[in-house]
Amino acid sequence: MIDWLLEPYQYEFMRRALLVLLVTSVVMGVVGGFVVHKGLAFSGDALAHATLAGVAVAFVAGASVGLGALVAAVLTALGIGWTRDRARVSADTAIGIVFVAMFSLGIVILSRRASYTPDLMSFVFGNILGVSAGDVVGSAVLAVALLLFVGAFYRELLLVAYDPAMAATTGVPAKLFQYATLVMVAVAVVVALKAIGIVLVNAMLLIPVSTAALFLRRLPSIMVAGALIAFGCAATGLHLSYYAGVATSPAIVLVACAVFLAVLAVTSRRGVRLVAAAEAEAS
Amino acid sequence: MVLEGRHVPARAPLAEHHHANAALEVRHLTAGYPGMRPAIDDVSIRVPTGEIVGLIGPNGAGKSTLFKAILGLIHPARGEVLAFGRPVREARADIAYMPQVEEVDWEFPVSVLDVVMMGRYHGPRPFLGWSRADRAAGLAALARVGLSPYVARQVGQLSGGQRRRVLMARAIARGARLLLLDEPFAGLDAAVQHDLLAILDDLASEGRSILIATHDLSCVANSCDEAICLNRRVVASGQPGEVLTEAILTATFERHLLAIPQAIDVVRIADDEHLETHERQVTR
């Protein structure tokens, strides 16, 4: 049993994979807390897809692909915020337009090249086993910066997420922190990009935190539990994919889905009793 | 239990250092949304220190727009707003705002205390969070509205009346001298309304000034020192007895009202969840 658990980690690439998943999980828990409860699920998906444009430009220009993804994601986050504030269309329409434009731009640039190379596909579907030491460091630096920001301005972020109008009346620069929240999502997407991939990043922002929210009632505890659940699912998925020989990031997402359903099954039965008790007490 | 109308407490004398200025002075304010006729037009109102002022008007009369313009959430086309003689953005610590209950996300994973603490925000304190004094003020505000047993509860698990109390506690926790309350009583039964009004009376007797937007005429008749009738413009303002006449109310609500409340006897209803609106009995 111990051998079965430890065997994969005799390889350097597996240890790196686990490390980058740890960093990713922490970020997914914290940022996912805002994404899930602020209703930013579509923004997360949009930012992930939009990074393809940055990846493509960097790829063609021979620049750092991670940096390209970061620039594209941040620009898209600001674009979504800007459009949302100005357009007479609904927010999800604005997001839909911006992200399709960026994704298409990425495809167009790449279609000029002879073939989609494997390295590029690693951004689309994730290539955890191809994570370099540099990728780990890059993700860790972004993650630390993000956590410091959340730690420094948690009250502002919470006020703006919960009640933006009231926040503005107390003097919180509400607009600024609404943009900051989107930029945080953008950074989270980039942290997870190499490990999880564009297509599935959003799942890791949403599922672990949603699972935690099934049984917890305060944002900080949901974030911590979300991070733990994310890492548990990630490690399990990595392990299963090692032995089953399947792609890692879909394996992780499937494990996360299974955990969500299991917790839902338990809490929905217990939840009926909790709600009934609360109502009895309130009346 | 039958209540004998409103108990009027002796109001504290005006605090000396701001007796010259009204708590809130709105002058010739015109505001609204781009491309539409202004939601409020040339509105001038005044909230004297230590008084409760009721702002009455039908849906769409511009009550919420007026609040948003006062608070600086939308930019007025014309006019100015002064709180304690200063522009609102310089007086933020002195102003507390209670939004309509529908504007708050009750499913958000925050506890009752979390929400009340938000009223204590007075600028960034990186990495420090709320101070001990902030916490004490939050807990005191919750005690004042009778929610001490519920501090740790997620806000979505509260009843309608309790939710109103949380938002009121948040406004109280701010320690502000001016409170703007947007529809604090809508959908509440008369007994809960009475309890909340008693808290507002207490606040006013401490010298705090309160502006309540409502379409509940009985609340204004019984509990406000002044009434302002708004329908895009100020239709009338003055003491409730002078303003709440059939002619003025018909002009304000643009239809004939069957009942004008005078002294209304209220029977306590035990069920806090009872959502039969008092307003409906009064205005239809």
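## Exercises on a predicted two-chain model

In this predicted model, 29 residues of chain B are in contact with 24 residues of chain A.

**Exercise 1.** Describe the side of chain B that touches chain A: which strand and helix each supply at least two residues, and how do its residues divide into nonpolar, polar and charged?

*Solution.*
- Step 1. Strand E6 (95–98) and helix H2 (112–118) of chain B each supply at least two residues of this side.
- Step 2. By residue type, the side of chain B that touches chain A has 15 nonpolar, 7 polar and 7 charged residues.

**Exercise 2.** Find where B:Arg135 sits and decide whether B:Arg135 is buried, exposed or partly exposed.

*Solution.*
- Step 1. B:Arg135 belongs to helix H3 (residues 132–144) of chain B.
- Step 2. Count the other C-beta atoms within 10 Å of B:Arg135: there are 16.
- Step 3. A buried residue has 20 or more such atoms and an exposed one 12 or fewer, so B:Arg135, with 16, is partly exposed.
- Step 4. B:Ala173 is 38 residues from B:Arg135 in sequence, and their C-alpha atoms are 9.3 Å apart.

**Exercise 3.** Compare the reach of helix H12 of chain A with the expected span, and state what follows the helix.

*Solution.*
- Step 1. Helix H12 (residues 219–244) of chain A has 26 residues.
- Step 2. At 1.5 Å a residue, 38 Å is expected.
- Step 3. From first C-alpha to last, H12 of chain A reaches 36 Å, close to that value.
- Step 4. A:Gly245 follows the helix, with a positive phi near 65°.

**Exercise 4.** Summarise chain B: how many helices and strands are there, and what percentage of its residues count as buried?

*Solution.*
- Step 1. Chain B has 9 helices and 10 strands.
- Step 2. Of its 284 residues, 46% count as buried.

Key
Residues numbered from 1 in each chain as written. Chains lettered and ligands numbered in written order. Predicted model: local features only at pLDDT ≥ 70, side-chain atom pairs only at ≥ 80, totals over all residues. Helix = DSSP H or I, 4+ residues; strand = E, 2+ residues; numbered from the N terminus. Expected span 1.5 Å × (residues − 1). Contact = placed C-beta atoms within 7 Å. Nonpolar A, V, L, I, M, F, W, Y, C, P; charged D, E, K, R; others polar.
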